[in-house]
Amino acid sequence: MAIPNRMNGVVLTGHGGLETLVWREDLPVPQPGRDEVLIRVLAAAVNNTDVNTRTGWYSRSVRGDTASGATEGYEPADGAVGGWAGKPLDFPRIQGADCCGEIVAVGADVSRARVGERVLVRTMQSIQGEGNRPSVWTFGSECDGGFAEFAVARGKDALAVTSDLSDVELASFPCAYSTAEGMLQRGVVGAERVLVTGASGGVGSAAIQLAKRRGAHVTAVTSASKAADLLALGADETLDREEELPALAFDVVLDLVGGPRWEKVIGSLHNGGRYVTSGAIAGPIVELDLRTLYLRDLSLLGSTFQPDNVFEDLVRYIEAGEVRPVVSAVFPLRELRAAQEAFLAKSFVGKIGIQVAADSEP
């Protein structure tokens with residue numbers, strides 16, 4: 001295809017409210033570096049991290065839940081805000097942690113045979129940091145992402161996918177499902193009793209499916225209106241968000257909520273149980289009695305960095321039909337603000353898709 005010099009997209013102009021998302025029709029089309037590929041973006045999706053980055057919620061000075069500032073943004077007191085890596089972001093930034101697209105050009109060190117591949121882009125990319133230790137590099141945060149007509153990624157982070165699913169359906173997988181798969185691998189989850197909080201969201205609904213494929217018995221915490229949908233996804237049972245959690249009932253907790261009920265969540269673990277977190281939508285600040293931790297032999301695990309095999313495993317599950325997408329609504333890219341407003345209403349299960357290319361499959 002003829003590659004234009006300019007493209008349409010939505011840029012984040014700074015941390016703040018929905019007004020910081022600006023539609024542009026004059027963005028330069030990026031050029032792939034030696035080990036990179038140029039991707040024509042077909043579809044993307046909305047994630048909590050897109051909203052949290054926009055609002056500045058990752059700042060350590062923000063102590064509240066993710067919803068309270070999701071429309072207007074926060075006013076963080078420190079400068080190191082924005083990305084998962086805890087460093088200031090460069091603006092304008094093209095967000096979009098999810099990307100399904102087609103490779104249209106390659107850098108000098110990438111085989112030209114890859115042109116034409118339909119690919120999914122790895123959201124959590126590993127970059128060597130200080131002391132040769134892996135550092136977190138998030139697509140759409142530390143670099144430009146999928147909310148534009150074209151994007152670049154390292155060839156190793158653009159994985160070919162063979163599937164009958166539509167572009168929007170495929171775009172619902174990268175961020176949420178790799179986050180859930182990373183949590184399950186970090187927690188070494190098997191055929192055990194698993195509690196999933198925030199279970200109706202993108203990561204939670206992915207965690208239900210991914211835990212079930214490991215043979216787990218899954219209890220999903222949700223609202224009554226969404227319980228039937230989560231049972232249909234494979235949850236063995238549901239608990240209402242306001243319902244008392246059973247004590248000493250689970251081997252593993254996959255927690256995306258945090259907040260004031262955190263102590264009850266910890267209390268629901270068996271002695272020797274594992275707690276894995278990759279989110280804190282109800283608030284990041286919790287109180288831990290260290291006696292609970294050591295007298296009950298609990299393991300508390302954070303999950304952000306993903307070894308490369310996590311995304312490779314996910315693509316394999318997709319191609320084998322072992323997980324399925326949950327897309328509740330689709331918006332064109334130009335209506336990204338409206339898509340985020342619908343996302344913030346939390347009246348859906350799964351993901352909200354973004355159709356980027358006019359000829360993509362919704």
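Helices here are DSSP runs of H or I with at least four residues, strands are runs of E with at least two, and both are numbered from the N terminus. By that count, Tyr 294 lies in helix H7.

This is a predicted model, where local features need pLDDT of at least 70, side-chain atom pairs count only at pLDDT 80 or more, and totals for chains, interfaces and linings use all residues. Residues are numbered from 1 along each chain as its sequence is written, and side-chain values use heavy atoms, with hydrogens and water left out.

Buried means under 20% relative accessible area, exposed over 50%, and partly exposed in between (1.4 Å probe, protein chains only).

| Residue | Relative accessible area | Class |
|---|---|---|
| Tyr 294 | 54% | exposed |
| Phe 250 | 2% | buried |

Phe 250 sits in strand S13, residues 250-255. Val 194 is 56 residues away from Phe 250 in sequence, yet their C-alpha atoms are 5.7 Å apart. Contact means heavy atoms within 4.5 Å; leaving aside neighbours within four places in sequence, Phe 250 has such contacts with Val 194, Thr 219 and His 270, among others.

Now for a charged residue. Lys 226 lies in the loop between strand S11 (217-222) and helix H5 (227-233). Lys 226 is buried but has no salt bridge, meaning a side-chain nitrogen of Lys or Arg within 4 Å of a carboxyl oxygen of Asp or Glu. Asp 229, the nearest side chain of opposite charge, is 8.2 Å away. A polar atom of the Lys 226 side chain does lie 2.5 Å from the backbone oxygen of Lys 346.

Definitions and conventions: Lys and Arg count as positive and Asp and Glu as negative; His and the chain ends are not counted. A polar contact is a pair of N or O atoms within 3.5 Å; within protein, one must be able to donate a hydrogen and the other to accept it, and residues adjacent in sequence count only if both atoms are side-chain atoms.
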